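Hello,

Here is the structure I promised to send over. Have a look at it first, and my notes follow just below.

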Amino acid sequence: MLAYIVRRLLYAIPILIGVNLLTFALFFVVNTPDDMARMQLGVKRVTPEAIQKWKAERGYDKPLLWNSQAPGAGALTDTIFFDKSARMFVGDFGRAEDGRDIALEIKGRMLPSLAVQLPNFILGLFVTIIFALTLAFFRATAFDFWGVVLCVVMMSISSLFYIIGGQYLVSKVWRLVPISGFGEGLDAWRFLVLPVVVGVISGIGSSTRLYRTIFLEEVGKDYIRTARAKGLPETVVFLRHLLRNALIPILTGVVVVIPSLFMGALITESFFGIPGLGSYTIDAIKAQDFAVVRSMVFIGAVLYIIGLILTDISYSIADPRIRLK
Amino acid sequence: MPFQIVILWSDVLVWLLVAACLGFGFVITRTEHLLAAWRRVGKSRIGMAAATVLMVFGVIGLLDSLHYRLRLEGEADKPTVYSIEVLSVLDTVASPVRTRNEKTYSAPFATRLYAKETIDLPGGGQTRGYPRLKYGGAHLGGDEARLPADVARKAAMGFVLAVLTWCGMAALVTMGVGKREGVGRSEAWRRIWQGETHFSWNALLMTAGGLMALILPLLSLAGYYHVFGTDKVGQDVLYQVLKSVRTGLIIGLVTTLVMLPVAVLMGIVAGYFRGWVDDLIQYIYTVLSSIPGVLLIAAAVLMMQVVIDTHPEWFATAAERADLRLLALCFILGITSWTSLCRLLRGETLKLRELEYIQAAQAFGVSSWRIILRHILPNLMHIVVITLVMDFSGLVLAEAVLSYIDIGVDPNTISFGTMINNARLELGREPVVWWSLAAAFAAMLMLVLAANLFADVVRDAFDPRAV
Amino acid sequence: MNSPLLRVTDLRLGFAAGRQTLLAVDGISFEVGAGETFALLGESGCGKSATAQGIMRLLPAAGRIVGGSVELAGRELLSLPEADMRSVRGARMAMIFQEPATSLNPVLTVGQQIGEVLARHRHLTGEPARQRMLELLRQVGIADPDRRLTEYPFQLSGGMKQRVMIAIALAGEPDLLIADEPTTALDVTVQAQILDLLVRLQTERGMGMLLITHDLGVVARVAHRVGVMYAGELVEVAPREAFFTNPRHPYTRALFAALPEVSRRGGALTTIPGQVPSLDHMPAGCRFADRCRYVTPLSRDHSPPWRMLSDGHKVRCFYEGGMAEEAPHGETVLPPLAADTAPILDVRDLKVHFPIRRGILQRTVGHVKAVDGVSLSLSPGRTLALVGESGCGKTTVGKAILQLIQPTGGQVKLNGSELVGMPAGRLQGMRRHLQMVFQDPFASLNPRLRVGEIIAEGMAALGVVAGGRERAAAVAILLEQVGLPAEAVGRYPHEFSGGQRQRIAIARALAVQPEVLVCDEPTSALDVSVQAQILNLLKSLQESLGVAYLFITHNFAVVEYLAHEVAVMYLGRIVERGSADEVLRSPKHPYTRALLSAVPQPRLEGQGPVIKLGGETPSPANPPAGCHFHPRCPNVMEVCRSVWPASTQHGATQTVACHLYK
């Protein structure tokens, strides 16, 4: 088991290197720093001097991969790749366009993101699993049919609609909670209720349908028939036998996103004015702040890979066939 | 010629897609298991109802994919000059709603603007008030009180037209069914409505009836009123909805099509050959899928924007630039979304290659590529078809979100995303400007819901376990 | 007279298909007394499993109980509310299923799964429940029950899982046990253990048992009374003696006649023409009429009533005349093997090892020795049967001979050419001499290709017949050879039954005119009557084409009927081989003897004592030292634990690898 986790961790290294190389290629090879400078400066102010100055301020005036002028190891380290990409491995993300340290900014914004995402995640999982279990329990009845119809309709509605509609109705018409913003400490709950509720509702449709399919697949299995042949009530069959087994495929999709909860929800945070990583990313994209986007790509990949490893671990907890091998 | 045909890259792909569908249709008629699966789709009432709705969207999208530029009136001795504006057949058909722009917002069926302005009184002097619209309800003249009656009358006329058209259509279908099954018309009629036909004509007729009852009154009104209102620059919202359809369809279809060959090839090759090829392909898709989708798209779109902005000389018209950007978005979405299909196909291929008929072929020394083509690919087709239809709705929804973050289509391209994005800013206004948003969401819901329902039916029909 | 334990009257069960309900069981009536075993016998699709599930009211979602009555000890079950039915299930009657591997919940321990029955029906929890569980596990013959209670199903072997299933069934102390094909998924030596266990438990507890099976041998070993089902109806009910001495329904007789046995060697097996009618096309009269040799216009139009023959023996058939002897075949002499014939296929010391990788760096820490030094030789036109239980490596041998799996070592010589390590180009040329027929006729044909394309594939790939027209003609001839209609060319595999599909697979292999055909359990997925058709076909093809068969099987009846020579395999090695006569008549190796004695014989006499083998086949990843068989061997000696025995010669052809014979 331990060897397995160590192996997975080792396997993560080449993946991260791949991610790093890919982002490097995307940000520095597809377009040269000169292109970016021209774009950032705007057409009117483009002069060779302005471009040079722009590049120098951001450290983009070095060679990409190999600095033939630098002495010794500097040939490798005194390059854009080393400065901007390789150093991300040690948590050095450089500075944003506004001159702030990105790493510091990220640290400060993780908590607000988590404050929205964690309750959203837990509540959403709880609601959808219960709903899906109920649908599977009443399978092939009118309740199941209309439940599925409701799910399909709900998943056909744009997530933007849930947000805009929620804000309009709850905050503007009913004036129950503030429309957007974020507070310090416990006061934050007033700002969190709406984004969490909207997040849960917008996720119900697709997740419920997926889980219902998983449950129905398990319902047809032989061990369920055995459980019924024992004379167990249907509720026991579902909660004790079916749920435990169905949890294994459900875990695949669920555990992997847990680390990524830190990344925040892009749209939600932006709409509700929550100062998390999601809105940070969006602002960076809108302002074309390449350094921030690059950093978020890397962090996102790291969190995803951690999620993959967690998935493996959670499998082995849920499934004795893996745990005991 | 009074016009010059313009072939945008996306048009090429759209019509290629149509050709591919026709080709695929031909293959289907000759391949029994595919035909059987599509017959199951045809038998499903929900499936046919959804397909009817999708067909309407499809026709709108196709009309919008035939582009041309009008010749500008000029002196005879000068070289012909074509308008900078690229139009489509849909634009021409919808020119009443396209050209009749108001000054700014107006509510659906309004005769006056939504904002107060200073109006010059005919007798001199000025007053603050809601000015009369240039086009909306202009035929009423000063008699604005007649509006409800006029709307009702025109809607009723449209409805009557819809009923008549529907009756004609139903008669045609009945005759066709009667001929095909060799029964009389009344018997054919009974069979259609009892659901005893092999094809769900009843669902098709019902949906078509519903759609016509909705669309024809709207159309008969659209010439006189802004049925969905107008937006900030006074453009008719109905026109925007119509234009958004093509964008949605392209994003939903072309994206899948772009990634399909890569995903299928890589998935099968990885699963069949195993070894280092498998390791390499797995590595590639793990790397790609470990970057959160939105961020990868954002990064790629940002870079694409830089490329486009630094090479203005590549594009003759704004339409071409917007078009290329749309296609680039499709490619980027495709690159980021092929990994899941690839993984799925790899897993299936791994299972298939252990099957005995593959081993039987290997025992004959059949070459690997031939085994892949003859034995593996046909047995994976259902997954490909299911993916194609299942991904569509997700992509249409994703477009709206991406456009909101400014990494979607070109701001000048009309799409559901840009409509929502523009209208969202006006929600804070008092009173609320709701129609743009409502129209975009409603149209999108219709498209996506139909696509989702259709996808469900297709999945059930193609899933080998379900048979 | 006491009322019987279980009385089923006119039970009718159906499956919803679209708007209609297709009857799978159409009015069957029978009784099971306390302490009695009633066997419900029939081929696949006859409705026997549906009957069992209907009695438990555990039909799958599409299943419907259409009518009739089921009484358990005088209490009507079909009208019970579901809540009351639950207190019957597991307590008054319990059920065990065919697939022990999937019937146990994979994420709950053995203790949890038995414990919930005790809690539900016996109100036992905590330590008393634990004691009871240990007792139950001991009763079903599980050693070390303490440890097993905390284990998960995947840690148990197949036979052990079925024992746990039985323990679960017994936990509620039922009056009636329904066993649905309880040994079909198990090896023959394990089957013998489980059948013994069931018989013992039943006598000890005086339970009634309803046994669902397709195997006449199993019936002979455990049943007191037998009911034969055909197409949803009971056609004959008889006490055990009458059933085996005087079966009266033409279908029952045909089932017996279709069994391959040594006494039928040389002759063709009796087959039942046609197929079981499908649920939506049931004949109006006797359902067997279309396939019956005694069919009359009366039986075509009218369903025959029950006719009493003797006490407890009744049959549903109009025909009362005498029955022709179904299989009058004497033992014909097999063509003698010319001693100087060089073997066409010569396998020497074949090894297939799969690496086991572990640890951080996935280093190879050991090998699964699936095949570990197998030598065989096959002469032209002869049949060599490779016999063994599941997991012994026999299928791997077949695939390694065809070079579908790369052998780790050894030689495979075909007509004197060495195939192992032969370059792909030259190997291509050899492939037409060597072909394979696979086990599962549903997985061995590509569902997306037409039959004509399937059969022509080999011809095209190997260039045997060039040109489309010649190939089409060749396909037509092949179809005729394997007994399929010519119009099959344009149809898809799913339109054919299992037996017909296996014919297509045989035609595909024969298309390149091979001299050697490796048949990997070609009949194990088929019903007895269909198996007879395929065996007849293989036999006649051998006579007309002179093909040599390497016949991989676990079924001794098939071996007896078909094989000239036999090789018995255990855990990757051959323990005994020789001519079929010598090996089957005077088996030397203890494993061969145990295997032969464990095969249930479908007759009253000849139920010799079963040589009991303890435990089950160990994993080939970690075979026992010395003789692989020693942990299970009844004749184990000290030397067996450390030294693999050398082969010794006995009689004309027989060689045995056992320390008993020096």
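Let me begin with a helix pair in chain C: H17(C) passes H18(C) in a right-handed crossing (right-handed if the near helix is turned clockwise from the far one by less than a right angle, left-handed if anticlockwise). Helices here are DSSP runs of H or I with at least four residues, numbered from the N terminus.

Before going further, please note that this is a predicted model, in which local features need pLDDT of at least 70 and side-chain atom pairs count only at pLDDT 80 or more, while totals for chains, interfaces and linings use all residues. Residues are numbered from 1 along each chain as its sequence is written, chains are lettered from A and ligands numbered from 1 in the order in which they are written, and side-chain values use heavy atoms, leaving out hydrogens and water.

Back to chain C. H17 covers residues 498-510 and H18 residues 528-545; their axes come within 10 Å and cross at roughly 20°. The axes are lines fitted to C-alpha atoms over the stretch in contact, with angles from 0 to 180 degrees between N-to-C directions. H17(C) and H18(C) are therefore roughly parallel to each other (under 35 degrees; over 145 is roughly antiparallel, 65 to 115 roughly perpendicular and the rest oblique). On the H17(C) side, C:Gly499, C:Gln502, C:Arg503, C:Ile506 and C:Leu510 take part, and they meet residues of H18(C) including C:Val530, C:Leu537 and C:Leu545. Contact means heavy atoms within 4.5 Å. By class, this contact has eight nonpolar, three polar and one charged residues (nonpolar: Ala, Val, Leu, Ile, Met, Phe, Trp, Tyr, Cys and Pro; charged: Asp, Glu, Lys and Arg; polar: the others, Gly among them).

In chain A, helix H8 (residues 159-173) packs on helix H9 (residues 189-219) at about 135°, with axes 10 Å apart. H8(A) and H9(A) are therefore oblique to each other, and the crossing is right-handed. Their contact has six nonpolar, four polar and no charged residues.

Now the domains, whose bounds come from an automatic or database domain assignment. Chain A has domain 1 (2-90) and domain 2 (102-324), with C-alpha centres 35 Å apart. Between these two domains of chain A, about 1,600 Å² is buried, 76% of it from carbon and sulfur atoms; buried area is the accessible area (1.4 Å probe) that two parts lose on being put together, summed over both. Chain C is divided into domain 1 (96-173) and domain 2 (345-657).

Finally, 45 residues of chain A touch 48 residues of chain B, and the two chains bury about 4,000 Å² between them.

Best wishes

Conventions: Helices (H or I, at least four residues) and strands (E, at least two) are DSSP runs, numbered from the N terminus.
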